[in-house]
Amino acid sequence: MKYVVYTDLDGTLLDHYDYSCEQAQAAIDALLHREIPIIPVSSKTRAEIEPLRQRLSLTSPFIVENGAAVFIPDSDVFQSFDKAGLKKQGQYWVKSFSPDIVYWTSLIEELQVSVVDAFKSFSQLTVDEIVELTGLDHEQAGKACRREYSDPLYWYGSESQFKQLELLCAHVNVDVVRGGRFVHLLSGADKGKAVSWTQRQYEQSRGSKPTSIALGDGENDLAMLACADIPVQVKSPTHHFPDFHHERLYRTQQEGPAGWNEAIFALL
Ligand SMILES: [Mg+2]
């Protein structure tokens with residue numbers, strides 16, 4: 001195996017509007033035929049990523065909730081992975097880079113004692129509310145709710161309350177980051193850390209370092225692109241390429257999954 005492919009999902013492998021990856025199917029088939037692992041690296045939850053892996057017949061590991069954890073299927077291929085610090089969860093070995101949901105739930109409850117009536121966490125919202133806020137359908141919203149390592153906040157408080165939240169979180173070394181509609185509480189995990197760790201496992205288990213190709217369209221993909229041998233910025237229909245420089249950077253001409261397809265055939 002010479003390559004490992006790490007890929008963002010929304011807006012990269014999946015179309016921004018209809019979540020289809022049909023236009024990347026030829027490249028996906030070519031990679032699977034050559035036994036090159038395709039590793040999803042997404043802000044999505046495990047419950048959201050699993051059906052896609054099944055649909056695409058992916059058997060490789062995957063990375064959830066913006067780099068919070070790597071899920072490694074308990075298959076022959078990964079017996080040689082270093083299992084120190086991993087926990088067994090069903091059919092997977094899990095390497096986590098973030099506290100689990102129990103930590104976030106109790107932190108959020110504590111924060112709500114001081115910062116009153118300013119936000120609700122994802123897990124405090126009903127599925128109907130999430131449908132309304134995100135535009136996901138009911139089934140997808142249900143899966144997006146099944147969070148294991150993070151709990152984004154729907155924010156409706158004031159600026160002074162936001163500053164108060166930042167101050168309280170700083171005391172416990174948690175960063176507060178504004179996203180589009182949600183505010184994210186982060187404790188050091190990112191896509192880059194999770195990808196670097198996974199690369200090391202491939203290197204150790206194969207005895208030589210495979211070349212990593214990483215594809216992403218957003219700001220939250222830059223840490224992953226920075227640690228890849230060949231980074232690919234996939235063109236987005238909604239925003240410019242985020243500022244990023246690398247001597248082997250490939251920027252696609254086409255958008256989303258069509259750009260994904262273009263990059264894989266151009267690089268291999
Ligand atoms: Mg994206």
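Let's start in the middle: the largest nonpolar core has 44 residues, and Tyr6, Ala214 and Met224 touch the most other members. Here a nonpolar core means a set of buried Ala, Val, Leu, Ile, Met, Phe, Trp, Tyr and Cys residues joined through C-beta atoms within 7 Å. This is a predicted model, where local features need pLDDT of at least 70 and side-chain atom pairs count only at pLDDT 80 or more, while totals for chains, interfaces and linings use all residues. Residues are numbered from 1 along each chain as its sequence is written.

**The core**

- Strands (E, at least two residues) and helices (H or I, at least four) are DSSP runs, numbered from the N terminus.
- Take a look at alanine 214: leaving out residues up to four places away in sequence, alanine 214 touches Tyr6, Val195, Met224, Leu225, Ala228, Pro231 and Val232. Touching, or being in contact, means that the C-beta atoms of two residues, placed from the backbone, lie within 7 Å.

**The whole chain**

- You can find nine helices and 13 strands in the protein chain.
- Along its principal axes, the C-alpha trace spans about 55 × 40 × 35 Å.
- Of the 268 residues, 38% count as buried. Buried means 20 or more other C-beta atoms within 10 Å of a residue's own, exposed means 12 or fewer, and partly exposed is in between, with C-beta atoms placed from the backbone.
- If you take contacts between residues at least 6 apart in sequence, 60% of them join residues at least 24 apart.

**Two domains**

- The chain splits into domain 1 (3-98 + 190-267) and domain 2 (101-186), with bounds that come from an automatic or database domain assignment.
- Their centres, taken over C-alpha atoms, are 26 Å apart. Ten residues from domain 1 and eight residues from domain 2 make up the contact.
- On the side of domain 1 that touches domain 2, helix α2 (residues 46-55) gives the most, with three residues.
- That side of domain 1 has four nonpolar, three polar and three charged residues. In this sorting, Ala, Val, Leu, Ile, Met, Phe, Trp, Tyr, Cys and Pro are nonpolar, Asp, Glu, Lys and Arg are charged, and the others, Gly among them, are polar.

**Aspartate 229**

- Aspartate 229 sits in the loop between α8 (222-226) and β12 (230-235).
- Aspartate 229 counts as partly exposed because it has 15 C-beta neighbours inside 10 Å.
- Not counting residues up to four places away in sequence, aspartate 229 touches Thr211, Ser212 and Arg248.
- Aspartate 229 and tyrosine 3 are 226 residues apart along the chain, yet their C-alpha atoms are separated by 9.9 Å.

**A helix and two positive phi values**

- Most residues other than glycine have a negative phi.
- Tyrosine 19 is not a glycine, but has a positive phi of about 60°. Tyrosine 19 lies in the loop between β1 (3-7) and α1 (25-33).
- Asparagine 173 also isn't a glycine, and its phi is positive, near 55°. With 8 other C-beta atoms within 10 Å, asparagine 173 is exposed.
- Asparagine 173 follows α6, in the loop between α6 and β9 (175-178).
- Helix α6 (residues 159-171) has 13 residues and reaches 19 Å from its first C-alpha to its last, close to the 18 Å expected. The expected span is 1.5 Å times one less than the number of residues.
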